[in-house]
Amino acid sequence: MSSPTDPIVVWHDHSVSRADRELQNGHRGCVVWFTGLSGCGKSTVANVVDRHLFERGVRTYLLDGDNVRHGLNATPQMLAERYGTEFGKRFGLGFGQQDREENIRRVGAVAQLMCDAGLVTLTAFVSPYRADRDAVRATLAAGDFIEVFVDAPLEVCEARDPKGLYQKARAGQIKDFTGIDAPYEAPIEPQLVLKSAEFSPEALAAEVLRYLTEAGKLNVS
Ligand SMILES: Nc1ncnc2c1ncn2[C@@H]1O[C@H](COP(=O)(O)OS(=O)(=O)O)[C@@H](OP(=O)(O)O)[C@H]1O
Ligand SMILES: Nc1ncnc2c1ncn2[C@@H]1O[C@H](COP(=O)(O)OP(=O)(O)O)[C@@H](O)[C@H]1O
C-alpha cells in the first residue's frame, strides 16, 4: 500500500485501527470494483450484492458513477450553478481522459477510506482506463482490491441503452462516449468476470458473494 508524502501535511494514525473495526463488524473491509461499458449491468449487480450483504448484517456501501458525479465529482455545469463558472471549470469533471482519471482517483481515495473503516465497499464505475484502476489498486493492501469485469458485448449494452445515451452518442450529441468514440480497456486479470449478457443479476451477484466468502472477506476468523 503506497501513499504520497508531504513535509507540511503529515499523516495522523488513528486510535481505532482497521483491525478493531473489522473485529467489531465481524468481517473484513475491501473494495469490490465493478468495471465495464455503460449499460453492461454494473449498477444492477452491485445493488443486488449490496442488498444481500446488508441483509446478512455486513457493513457495506455502494459508490455509483452516476451518483458520485452529482456530488464529489459533479460536472462543471452542476458546480457553476452554485460556485460560478470558473470554479466549475476548475473542479467539475466531464468525460475526457484526464477528467475520468481524476474521477477514478477521487473515488478510489474514498473507497480506500471506506475499506480502512472496515466496510465492504462496492464501486460501480465505467473506469475504462487500466492505468486508473491499477492506480487505485496500488493504494490498497494486497487482496483489498477485487476487480470485477462486468462483461457484455457493446451491441448488447447499446441494445439495452436504458438512458438513451448510446443513441445520442451515435447521433453525435454526446462526445467521448465509452465504446463509441472513447476506449474501454478490459481488465487483463480480473478477480471475477461476470457474463452479464448470459446470466441474471441474481446469478451474477451470487458469483460475487461466493468469491467474497471464499476469499475470507465475510468473516474475521
Ligand atoms: N461520455 C460518456 N462515456 C461514458 N458514460 C457516460 C458518458 N456521458 C455520460 N455517461 C454516463 O455516466 C456514467 C459513467 O460515469 P463513470 O463515472 O462511471 O465514468 S468513468 O468511470 O469516469 O469513465 C455512465 O453510467 P452507467 O451507464 O451507469 O455506466 C453513463 O450513463
Ligand atoms: N444481467 C443482466 N441481464 C439482463 N439485463 C440486465 C442485466 N444487468 C443489467 N441489466 C439491464 O441493463 C440495463 C443497464 O443496467 P445498469 O446496471 O444500469 O448498467 P451500468 O450500471 O453498467 O450502466 C438496465 O436496463 C438493466 O435492467
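Reply: Start at Thr-44. A polar atom in its side chain sits 2.6 Å from an oxygen atom of ligand 2. That is a polar contact, meaning a pair of N or O atoms within 3.5 Å; within protein, one atom must be able to donate a hydrogen and the other to accept it, and residues adjacent in sequence count only if both atoms are side-chain atoms. The model is predicted, so local features need pLDDT of at least 70, side-chain atom pairs count only at pLDDT 80 or more, and totals for chains, interfaces and linings use all residues. Residues are numbered from 1 along each chain as its sequence is written, chains are lettered from A and ligands numbered from 1 in the order in which they are written, and side-chain values use heavy atoms, without hydrogens or water.

Ligand 2 has other polar contacts. Its oxygen is 3.3 Å from a polar backbone atom of Cys-40. Its nitrogen is 3.4 Å from a backbone N or O atom of Ser-196. On its own, ligand 2 exposes 560 Å², and the protein buries 71% of that. Such areas come from the Shrake-Rupley method with a 1.4 Å probe; for residues, only the protein chains shown count as cover.

Cys-40 sits in the loop between strand S1 (30–35) and H2.

Nonpolar means Ala, Val, Leu, Ile, Met, Phe, Trp, Tyr, Cys and Pro; charged means Asp, Glu, Lys and Arg; the others, Gly among them, are polar.

UniProt, in an unreviewed entry, lists a "binding site" at Gly-36, Leu-37, Ser-38, Gly-39, Cys-40, Gly-41, Lys-42 and Ser-43. Of these, Ser-38 and Gly-39 also line the largest cavity. UniProt positions use the numbering here, feature names are shortened, and annotations may be inferred rather than shown by experiment.

That cavity holds about 30 Å³ of space. Its lining also includes Asp-161, Pro-162, Lys-163, Leu-165 and Tyr-166. On a 1 Å grid over the protein atoms alone, a cavity is a set of points where a 1.4 Å probe fits but cannot get out; lining residues have an atom within 4 Å of a point. Points are joined across faces, edges and corners, and the volume is the space filled by probe spheres set on them.

Ser-38 leads on to ligand 1. An N or O atom in the Ser-38 side chain is 2.6 Å from an oxygen atom of ligand 1. The shell around ligand 1 has 7 nonpolar, 6 polar and 7 charged residues. Its largest share, 3 residues, comes from H6.

Notes: Helices (H or I, at least four residues) and strands (E, at least two) are DSSP runs, numbered from the N terminus. On a 1 Å grid over the protein atoms alone, a cavity is a set of points where a 1.4 Å probe fits but cannot get out, and a pocket is an open set with protein on both sides within 12 Å along at least five of seven lines; lining residues have an atom within 4 Å of a point.
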